[in-house]
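Keep the picture open as you read, and look up each residue as it comes along.

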Amino acid sequence: MAALEQGGLIAQTVFGILVIMSAASWYIMFTKLLEQQKILNQAKRVRTSFWGTPTLKDAASKLDKDSAYRQIVDDGLLAQDQHTKLIDPVDQHEWLGSSLSRSVAAINSKLGNGLAVLATVGSTSPFIGLFGTVIGIYRALIKIGAAGQASIDAVAGPVGEALIMTALGLAVAVPAVLGYNWLIRRNKVVAEQIGAFSVDLHGYMVSNGAVRPAIAGAKVAPAPAAKTAIPPKA
């Protein structure tokens, strides 16, 4: 606080900007983490209960209304209903595939919201802290020139202020960069699961329910044992 008081308006402005950037980055990291975890939990429920229902509408009713998987199913059902109303003949496989791809792309785009802010904070906050450092060094040089000698009393305060601004810039940037990389990796996992579900749903719909993925925990019937050939009699 003493360094901020000595630094004046410029140092206080730099400090306020860094505080705002840090608060924004932590808020985005916390909210995106909750959003990703919610979709990951939905994926577990889909694998265990979704494909065991007799009809697709019954399966959709088991999903949360605001869930990403419910959105894909609703978009698929809507595309299936719209296909019968088309004037020009379009292959159902292509129509459903394009509709599900748009739905998946919309979900992935929503998952990426806010990550640009983390990247911006991680790349610019060190330079904002460096700006405060430059101002501190500049004030130290002015005091040295005014005093006519480089005494420790003249330069200790401004140099300490400069070092604090550098440290603050790094303290804001490092969590933002780490959080950005971590969330990007989790987004890839979520996108892979959603893409796999979209492919399974596509196959289910174009086959009228004949093709569906294996249900988790389901017992697989063992393959019949091969018959041993009886050697011919001599």
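Of the 234 residues in the protein chain, 34% are buried, where buried means under 20% relative accessible area, exposed means over 50%, and partly exposed is in between (1.4 Å probe, protein chains only). This is a predicted model, in which local features need pLDDT of at least 70, side-chain atom pairs count only at pLDDT 80 or more, and totals for chains, interfaces and linings use all residues. Residues are numbered from 1 along each chain as its sequence is written, and side-chain values use heavy atoms, with hydrogens and water left out.

**Overall build**

- The protein chain has six helices and zero strands; helices (H or I, at least four residues) and strands (E, at least two) are DSSP runs, numbered from the N terminus.
- Read from the N terminus on, the order of elements is α-α-α-α-α-α.

**Salt bridges**

- The whole structure holds four salt bridges, a salt bridge being a side-chain nitrogen of Lys or Arg within 4 Å of a carboxyl oxygen of Asp or Glu.
- One of them pairs lysine 38 with aspartate 66, with 3.2 Å between the closest N and O atoms. This pair links distant parts of the chain, 28 residues apart: lysine 38 sits in helix 1, and aspartate 66 in the loop between helix 2 (56–61) and helix 3.
- Is aspartate 66 buried or exposed? Aspartate 66 is exposed because its relative accessible area is 57%, while lysine 38, at 37%, is partly exposed.
- Another salt bridge joins aspartate 64 to arginine 45, and here the closest N and O atoms are 3.3 Å apart. Again distant parts of the chain are linked: aspartate 64 is in the loop between helix 2 and helix 3, arginine 45 is in helix 1, and the two are 19 residues apart.
- Aspartate 64 has a relative accessible area of 35%, so aspartate 64 is partly exposed; arginine 45 also counts as partly exposed, at 41%.
- Aspartate 74 and arginine 70 form a salt bridge too, with the closest N and O atoms 3.2 Å apart. Both residues lie in helix 3, four residues apart, which is about one turn of the helix.
- Why does arginine 70 count as buried? Arginine 70 counts as buried because its relative accessibility is 16%, whereas aspartate 74 is partly exposed at 33%.

**The largest pocket**

- Rolling a probe the size of a water molecule over the atoms shows where empty space is left.
- On a 1 Å grid over the protein atoms alone, a cavity is a set of points where a 1.4 Å probe fits but cannot get out, and a pocket is an open set with protein on both sides within 12 Å along at least five of seven lines; lining residues have an atom within 4 Å of a point.
- The volume of the largest pocket is about 230 Å³, a volume being the space filled by probe spheres set on the points, with grid points joined across faces, edges and corners.
- Among the residues lining the largest pocket are Lys38 and Asp66, together with others including Glu35, Gln42 and Leu111. The elements giving two or more residues to this lining are helix 1 (2–50), helix 3 (68–83) and helix 4 (92–111).
- Which helix gives the largest share of the lining? Helix 1 does, with four residues.
- By class, the lining of the largest pocket has four nonpolar, three polar and five charged residues (Ala, Val, Leu, Ile, Met, Phe, Trp, Tyr, Cys and Pro count as nonpolar, Asp, Glu, Lys and Arg as charged, and the others, Gly among them, as polar).

**Cavities**

- How many cavities of 30 Å³ or more are there? The count comes to two.
- The largest cavity holds about 40 Å³ of space, and its lining includes Arg45 and Asp64. Helix 1 gives the largest share of this lining, three residues.
- The second largest cavity has a volume of about 40 Å³, and Trp51, Tyr204 and Arg212 are among the residues that line it. Its lining is made up of five nonpolar, two polar and one charged residues.

**Valine 174**

- Valine 174 belongs to helix 6 (residues 152–206) and is partly exposed because its relative accessibility is 46%.
- The C-alpha atoms of valine 174 and glycine 122 are 6.6 Å apart, although 52 residues separate the two along the chain.
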